[in-house]
Amino acid sequence: MNRSIKIIIGVTAAFVLIMTAGIALMAMVNSDRPADYEKYGLGEDVSVEVDDKGDVYLIRRNKAASLTFVVSFTRFSSGERKAGLFAHEKKDMQEAVGYGVELEVNRFLDTFGSIIPSRKSKTFLFSTQDYPKIKEVFYYDENTGREYPLWNK
């Protein structure tokens, strides 16, 4: 085989390998996974506040404020849970007796332990006026399947 053909094949193989590694790294950098409740000390840094109007807010401090709030759950009297992104159909919320939240962490930052604490964050969840059947808010840790109570009515 000609020497220049070997060089071209070698350069092409190296290019394909580098591109594949780059794509894998980008996928890791740009994806999230559920945050571990114990690892991030969420028991101390996640809470719920209810104001005078009955509006319920998720409060995040320190490292928890740096994590992304993406997933919420409604739980029904039957014990069934339904997951969604921020909002649910109104009929689901009308019938829900519990509201769960879950934070997510970037895979890359989690792997290297480089989550930096942030300012306090306050996120509106729902109004007790609109959804009077909801009697609790809990944190759901998808890694362990455990629920941690944050607020009870």
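These legends walk through a few close-up views of a predicted model.

Before you start: residues are numbered from 1 along each chain as its sequence is written, and side-chain values use heavy atoms, with hydrogens and water left out. Since this is a predicted model, local features need pLDDT of at least 70 and side-chain atom pairs count only at pLDDT 80 or more, while totals for chains, interfaces and linings use all residues.

**View 1. Tyr 37, Tyr 139 and Tyr 148 are linked into a cluster by ring pairs.** Rings of Phe, Tyr and Trp (its six-membered ring) pair if their centres lie within 6.5 Å; planes under 30 degrees apart count as stacked, over 60 as edge-to-face and the rest as tilted. The structure holds five aromatic pairs. In one of them, Tyr 37 and Tyr 139 have ring centres 5.4 Å apart and planes at 40°, so this pair is tilted. Tyr 37 lies in the loop between β1 (32-34) and α2 (42-45) and Tyr 139 in strand β8 (residues 136-141), so the pair ties together parts 102 residues apart in sequence. (Helices, H or I with at least four residues, and strands, E with at least two, are DSSP runs numbered from the N terminus.) Tyr 37 and Tyr 148 have ring centres 3.5 Å apart and planes at 10°, so they are stacked. Here Tyr 148 sits in strand β9 (residues 146-152), 111 residues from Tyr 37. Tyr 37 counts as buried at 10% relative accessibility, and so does Tyr 148 at 9%. (Buried means under 20% relative accessible area, exposed over 50%, partly exposed in between, with a 1.4 Å probe and protein chains only.)

**View 2. Strand β8 is mostly covered, with six of its six residues buried.** Glu 136, Phe 138 and Tyr 140 point one way, and Val 137, Tyr 139 and Asp 141 point the other.

**View 3. β8 pairs with β6 (residues 98-106) and with β9.** Two strands pair if DSSP finds at least two bridges between them. Look for Val 137: Tyr 99 stands opposite it, and in β9 its bridge partner is Trp 151. β8 and β9 form a hairpin with four residues between them, and Gly 145 in the turn has a positive phi of about 80°.

**View 4. Lys 122 lies over the face of Tyr 57.** The distance to the ring centre is 4.5 Å. (A charge sits over a ring if NZ of Lys or CZ of Arg is within 6 Å of the ring centre and within 35 degrees of the ring normal.)
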